[in-house]
Amino acid sequence: MVSKHDPVSKKIRHFSVTACLVPICSLYGAAVTTVEGVGSIKTRLHPVQERIAKSHGTQCGFCTPGMVMSLYTLLRNHLQPSEEQLMEALGGNLCRCTGYRPILESGKTFCVGSNGCQQKGTGKCCMDQRENLSSSLDRKSDICTELFAKEEFQPLDPTQELIFPPELLRMAENPEKRTLIFYGERVTWISPGTLQDLLELKAKYPEAPLILGNTSLGPAMKAQGRSYPILLSPARISELSVVMKTSDGLTIGAACSLAQVKDFLTESISELPEEKTQTYQALLKHLRSLAGQQIRNMASLGGHIISRHCYSDLNPVLAVGNATLNLRSEEGTRQIPLNEQFLAGLASADLKPEEILESVYIPHSQKWEFVSAFRQAQCPQNALPDINAGMRVLFKEGTDIIEDLSIAYGGVGTATVSAHKSCQQLLGRRWNELMLDEACRLVLDEVSLPGSAPGGKVEFKRTLVVSFLFKFYLKVLQELKMLVRLFSMPRVDSHQPLQDPVGRPIMHLSGLKHATGEAIFCDDIPRVDKELFMALVTSTRAHAKIISIDFSEALELPEVVDVITVEDIPGTNGTEDDKLLAVDEVLCVGQVICAVVAETDVQAKRAIEKIKITYEDLEPIIFTVEDAIKHNSFLCPEKKLEQGNIKEAFEKVDQIVEGEVHIGGQEHFYMETQRVLVIPKTEDKELDIYVSTQDPAHVQKTVSSTLNIPINRITCHVKRVGGGFGGKVGRPSVFGAIAAVGAVKTGHPIRLVLDREDDMLITGGRHPLFGKYKVGFMNNGRIKALDIECYVNGGCMLDDSELVTEFLILKLENAYKIHNLRFRGRACKTNLPSNTAFRGFGFPQGTLVTESCITAVAAKCGLPPEKIREKNMYKTFDKTIYKQAFSPETLIRCWNECLEKSSFHSRRRQVEEFNKKNYWKKKGIAIIPMKFSVGFAATSYHQAAALVHIYTDGSVLVTHGGNELGQGIHTKMLQVASRELKVPMSYLHICETSTATVPNTIATAASIGADVNGRAVQNACQILLKRLEPNIKKNPEGTWEDWIEAAFEQRISLSATGYFRGYKAFMDWEKGEGDPFPYYVYGVACSEVEIDCLTGAHKIEGAFIQGMGLYTTEELQYSPEGVLYSRSSDEYKIPTITDIPEEFNVSLLPSSQTPLTIYSSKGLGESGMFLGSSVFFAIADAVAAARRERDAAEDFTVKSPATPEQVRMACADRFTEMVWNYSLFSSKVIFLFPASWTY
């Protein structure tokens, strides 16, 4: 949080910022508060920190400090904020673990009038509305309504907050006028104290940019390598922050932040008649969705305008609103219009080099004038628009005749584009459908997008050009006419002792440390003596022979120590299938070739730019599954399961449908990127490795083979991991091994931390899938035969692709009993980074194919999809396709409860009624069942060990083989130990996961970490308790400490190793049968969505939200050369807090237990991922409704993610047809529809 004295309001302004964008020099005169300054577990917790932890708003904890600071800043400005303000404050924060809801719930405890209930505004708690629940189920016996006790929270006392430093206040009230100069190695920062000084400096350094928020200049300097020797900071010039209101408009200083502009506009809108605020309302609409709160707090109005980004949200609105730019130089002042010529950068309409933008004048709108703003992006917030628009029309008073018309678009060219000629031709026309048709044709012709336009999505953008125009037409037409639930959980047994924590909503052990910033992650470990930094050199070619590598220039740079190459590896260079460092040949862009070691991370990164690599391109270059099939390029043999007689069954069915399903990849986007610290010891070749991983034993083994030293010389430490989701199972071993080679060669500790861009480029993610199905069924919807063939894009090396393919095939049948089945799968070898383990491990992709078959059958039978699902579901005790027996009773219970709790049939009728009444908006609803198999398909992967020590003071140290990834495994293990030893959790402690204390561990993955490690901890505790039993019987009234002291005196060992041999699991692929999974978990999800047919926009807990991202927003985009474009949060969109469902009800099935797992533990970490597909199928349901109404074919090809682009183009209408015809018959480049879509 940055706090400054506002020269305009004379008040202290607190605002949250994105720390990585804030130059240190810009903080002169500001107070900075970090999470460590808000509160501490060592002194006093702030209520924000306490509540986010106790409300279970923290899992891995890597994002929690940012969440805390956003909430804290909000409360410093608004003691009792509204829920809208809360959402806005958190809109710029990302979390990959929680699904955001518990974070929101903690924030709502501060909100005015909030009672934490989902049913906002009714004044009643949904738990009290028993009439909405079925009378057939007694909810009182199995529902607990609270996960935290609000009355236990400490109150928020504003008098206890840190004051603004008096010295800074004195400086602000009596500002220093002298110019401040900060000299850096390559940049000089100059901060003038007066406007005159600034104008003189601008005349002296005309090429020097002005820098305020650094939200445009900063990323450009980092990503594009731009450098400016002189930077001018006008932050202390009060004249640039002045706001003036006149009778005809509003003048806003260029230095005002976008957040301040938003406040000024809101104030003006509340004070002025509505007819005068049309432009202000349009600007305000875009300001609410432009970036996040932290960026709006930093970005300035002047910087936003002068940057003239083609995707600017404000410039199109300002242009049509006839805004004027007030410029100033040493020569004086002048005004220029903010029009198309200025936005295109024409010299005659631009600033002169010595001029600055002082302020922006935005005139009031007038009666009979209407202004609107439109934008469509991958997500509602924190996403650059695919296209946006500002539109204004002025009518002759009392008529619908156009007197003036302005239309401007962003995102369709290199600058904001005006449809000036089209507008001129429409003057004097009446506002009717004839005018609209003509306007669409004119605008499509004038606002041209060539087929090779930057950013692609050409047909989508062309469609939006006319769709926005149509939306404006409807909105104005309407205004012209006006002028002439709930989270539930099983209740703990009332007889359970209070000190027994099992089953209770225990706060995450590290929750408070997450909230105070005191939780130590890998890169938080203080710098070690003589530590060096490593940066990786990666391939820039997709498939090429390495001719030469020249790193002489890199070694000449100061502070650069060495370059690590494959020749430096004393042992093995990875495996035959997966090399650590490329040898002679590179197989993808992003493959690691060598590494630079330097004294600072900055110098290491500079050095890698100096390394010259000469390549010779090789053929073939394969990127897609289709290309791999054509070239017969596969990583492993085909996997196949079959039952019944497919050929015979297809001959006897009423109908057969064939189709394709395309599912895109997904980036793990863990908050903590890959990182490792390797510390060589002084003797015996020992190494300490601190690494962010799900599998420290694998890191240990890989380093051992790479260095050719025994495993017992290497100790891996994992304190906590900032999210993994499968992405930290195999890949950390590669980075650990490369860093270890550097440590051994140099003799220094090595720290390797990947930037987000490098992490996304190198590591791979979820496997994209291409599926083909053939389904045979009777007219009543009974499926008799199903043949599915799946191909996954494995990337350039094997990694986990074979296992993913096996699991995909094993899980394809999902919840359905179909007697004649054939499932086949192949992993394709392509020239992309190797894809790897990801939450769900093939299940979310494969089962989408199965569910798409169900939807296709429903369309052909003219029946709702839920009827087809219900008809074909497992009903009685049966065997799966691989002959594993199971009972579907729990599945059926989940299905029936979800139907009832969601009021599905009533909602279905309401959706149909809504769709009848609305042509341009459609609703969809879907209910999806899930049978998810938990665990690995091998017994040895289910073993686990634990080590428990009891010390003489009675305290207990628990160590086990699981890794804390945010799922709370350490908390659960202490719950187990507390119950078994019958001592409070306060007696227990877990330090870390270490290969020195628990060896030969299995990866914390496949949803069984708590299951198997819990059994091991239980075993160790039972051994210890059995040793203590004689003393307990001898002194039953004694205390725990008495019994431990007596045991020590009697020389009874107070240390025990616990062990769990694992669940039996096996699979024989030759026979196509086995018992590969210990047990199943079941779930059902119902989602209802609303789509905008004109733009494709759709309104939608941990895994569910991540799954929703997979199926709706997360899209990986590659260049034709195989370079990953979407390498940051700018291009790759995971769900944000504004994307979570407006109503989100989750419940656990009551009295659902399994004797197989400890305390009925259930592996739910991955299964919820697929339930997010209910959103996808609800969107598909809405699209199908739109296509039915437009007489378009319902059986369109399924493609995931269902981005706004895909949804809009699937909603075929006269505008998509108009764009299609335009593409066919214009002289411009013709856009060809992708083969994966049917229109």
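**Rings, cores and strands**

Reply: A cluster linked by ring pairs takes in Phe370, Phe374, Phe395, Trp431, Phe468, Phe470, Phe472, Tyr473, Tyr919, Trp920 and Phe1215. The model is predicted, so local features need pLDDT of at least 70 and side-chain atom pairs count only at pLDDT 80 or more, while totals for chains, interfaces and linings use all residues. Residues are numbered from 1 along each chain as its sequence is written, and side-chain values use heavy atoms, with hydrogens and water left out.

Me: Why is the pair of tyrosine 919 and tryptophan 920 called edge-to-face?

Reply: Rings of Phe, Tyr and Trp (its six-membered ring) pair if their centres lie within 6.5 Å, and planes under 30 degrees apart count as stacked, over 60 as edge-to-face and the rest as tilted. The centres of tyrosine 919 and tryptophan 920 are 4.8 Å apart and their planes stand at 85°, so the pair is edge-to-face.

Me: What makes tryptophan 920 buried or exposed?

Reply: Buried means under 20% relative accessible area, exposed over 50%, and partly exposed in between (1.4 Å probe, protein chains only). Tryptophan 920, at 15% relative accessibility, therefore counts as buried, whereas tyrosine 919, with a relative accessible area of 34%, is partly exposed.

Me: Which parts does the pair of phenylalanine 807 and phenylalanine 841 tie together?

Reply: The whole structure holds 29 aromatic pairs, and one of them joins phenylalanine 807 to phenylalanine 841, edge-to-face, at 5.1 Å centre to centre with 80° between the planes. Phenylalanine 807 lies in helix 26 (residues 801–811) and phenylalanine 841 in the loop between strand 30 (820–829) and helix 27 (843–861), so the pair ties together parts 34 residues apart in sequence. Helices (H or I, at least four residues) and strands (E, at least two) are DSSP runs, numbered from the N terminus. Both phenylalanine 807 and phenylalanine 841 are buried.

Me: Which residues have the most contacts inside the largest nonpolar core?

Reply: They are Tyr409 and Trp431, in a core of 215 residues, to which helix 17 (residues 458–483) gives the largest share, 12 residues. A nonpolar core is a set of buried Ala, Val, Leu, Ile, Met, Phe, Trp, Tyr and Cys residues joined through side-chain atoms within 4.5 Å. Another core, of 36 residues, lies apart from it, with Ile569, Leu581, Val721 and Ala740 among them.

Me: Why do strand 12 and strand 15 stand at the edges?

Reply: The open sheet of 4 strands has the order 12-13-14-15, with antiparallel pairing. Strand 12 (369–377) and strand 15 (417–418) each have a single partner strand, so one side of each is left without a neighbour in the sheet. Two strands pair if DSSP finds at least two bridges between them, and 9 bridges join strand 12 to strand 13 (residues 385–395).
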